[in-house]
Amino acid sequence: MAVKITFTKFDFAWTLAGFSLYFADVGTDLWVAAVYFNDNEFTRFALVLAVILLSALVLQSFSWSWYQYDREILQQRDNSEIQHSHYQSCGSRCSWLCVLHIFQLGMPVRFCKALLLGYKAAFKQGDTETAIYALTDLSMLRLFEAFLEAAPQLILQTFILLQSKDSDFIQCEKILLNHTQLTHKSIEYLTLVAWNGSNVNKNNVKYIVFSDIDPEMQ
C-alpha cells in the first residue's frame, strides 16, 4: 500500500539549515586556507586547497551531467512541436546554466530551486513529488561533498590541531562544522531514501529539469 508523504515546514527548515551550512563551510574553507597562506604554511595551504578544488570539480561535473541527462530524457519523452520549440528557446538558458557550473555556482542554483519548491510544498500545498525530486539530486551531491570534502577536511584539521602547539579558533570551528556537516548530510540522505522508497514517481521529470532553467514552465 502506497504511503502518502508530505513535505512539512520542518523539512523546509532542515533544507534551509543545509543551505546555511553549505555557505558556512565554503566561508570557513577559504578562511582556513587564507590563514595558512598568511602564516607561510604552504604545505597545509596546498592540502586544504587541493581538497576544496577536487570536491568542487566532482560536484559541478556531476550536477551538470545530471541536468544534461534529465534534459535528454525529456527530449525522448516529448516530441511535440511545442516542446521542440521550447527546447530551442532554452538553448541560451542552458548555456548560462553551464557557465554557472563553470564558476562553481551549480550547488547554490540547486539549493535555491530546492528551497523554492520546498517552500511551495510546505506552505502553499505545492507538488510534494516535485520538491522531493529536486532534493534527491541535491542530497546525493551533498553526500558526495561529505566524503570528498568534509571528511578529509575533518581528518586534516584534526591532525594539524594535534600537531600544532597553538590552536587557532578557525581550526576548532572548522572541525566542529565538519562534524555538523557530516551528520546533517547523512540524515538528509537517509530521509530522502525513505521518501523515494514510498510512492514518489521519480520518472515524473517533466517539470523539474527546465523549471530550473525557465521559470515560465511553473
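Of the 18 residues of helix H5, 13 are buried, so H5 is largely enclosed by the rest of the structure; here buried means under 20% relative accessible area, exposed means over 50%, and partly exposed lies in between, with a 1.4 Å probe and protein chains only. Helices are DSSP runs (H or I, at least four residues; strands are E, at least two), numbered from the N terminus. The model is predicted, so that local features need pLDDT of at least 70 and side-chain atom pairs count only at pLDDT 80 or more, while totals for chains, interfaces and linings use all residues. Residues are numbered from 1 along each chain as its sequence is written, and side-chain values use heavy atoms, with hydrogens and water left out.

H5 covers residues 106–123 and reaches 26 Å from its first C-alpha to its last, close to the 26 Å expected at 1.5 Å a residue, where the expected span is 1.5 Å times one less than the number of residues. Just after H5, Gln125 takes a positive phi of about 55°.

The largest nonpolar core has 20 residues, and those with the most contacts inside it are Phe7, Met107, Phe111, Leu135 and Leu138. Such a core is a set of buried Ala, Val, Leu, Ile, Met, Phe, Trp, Tyr and Cys residues joined through side-chain atoms within 4.5 Å. Helix H1 (9–38), H5 and H6 each supply at least two residues of this core, and the largest share, seven residues, comes from H5. Apart from this core lies another, of nine residues, among them Val32, Val35, Tyr36 and Val48. In soluble globular proteins, nonpolar side chains tend to be buried together.

Phe111 also belongs to one aromatic cluster with Phe19, Tyr22 and Phe23. Rings of Phe, Tyr and Trp (its six-membered ring) pair if their centres lie within 6.5 Å, and planes under 30 degrees apart count as stacked, over 60 as edge-to-face and the rest as tilted. Trp66 and Phe144 form a tilted aromatic pair, 6.2 Å centre to centre with 50° between the planes, and this pair links distant parts of the chain, since Trp66 is in helix H2 (residues 42–77) and Phe144 in helix H6 (residues 128–163), 78 residues apart. Trp66 is partly exposed at 21% relative accessible area, and Phe144 is partly exposed at 25%.

Which residue has its charged end over the ring of Tyr67? The charged end of Arg110 sits there, 4.0 Å from the ring centre; the rule asks for NZ of Lys or CZ of Arg within 6 Å of the ring centre and within 35 degrees of the ring normal. Arg110 in helix H5 is linked with Asp137 in helix H6, 27 residues apart, through a salt bridge of 3.8 Å, N to O, and Asp137 and Arg110 are both buried. A salt bridge is a side-chain nitrogen of Lys or Arg within 4 Å of a carboxyl oxygen of Asp or Glu, and the structure holds seven.

Arg142 is buried at 0% relative accessible area, and Glu188 is buried at 4%. Glu145 forms a salt bridge with Lys185, with the closest N and O atoms 3.1 Å apart.
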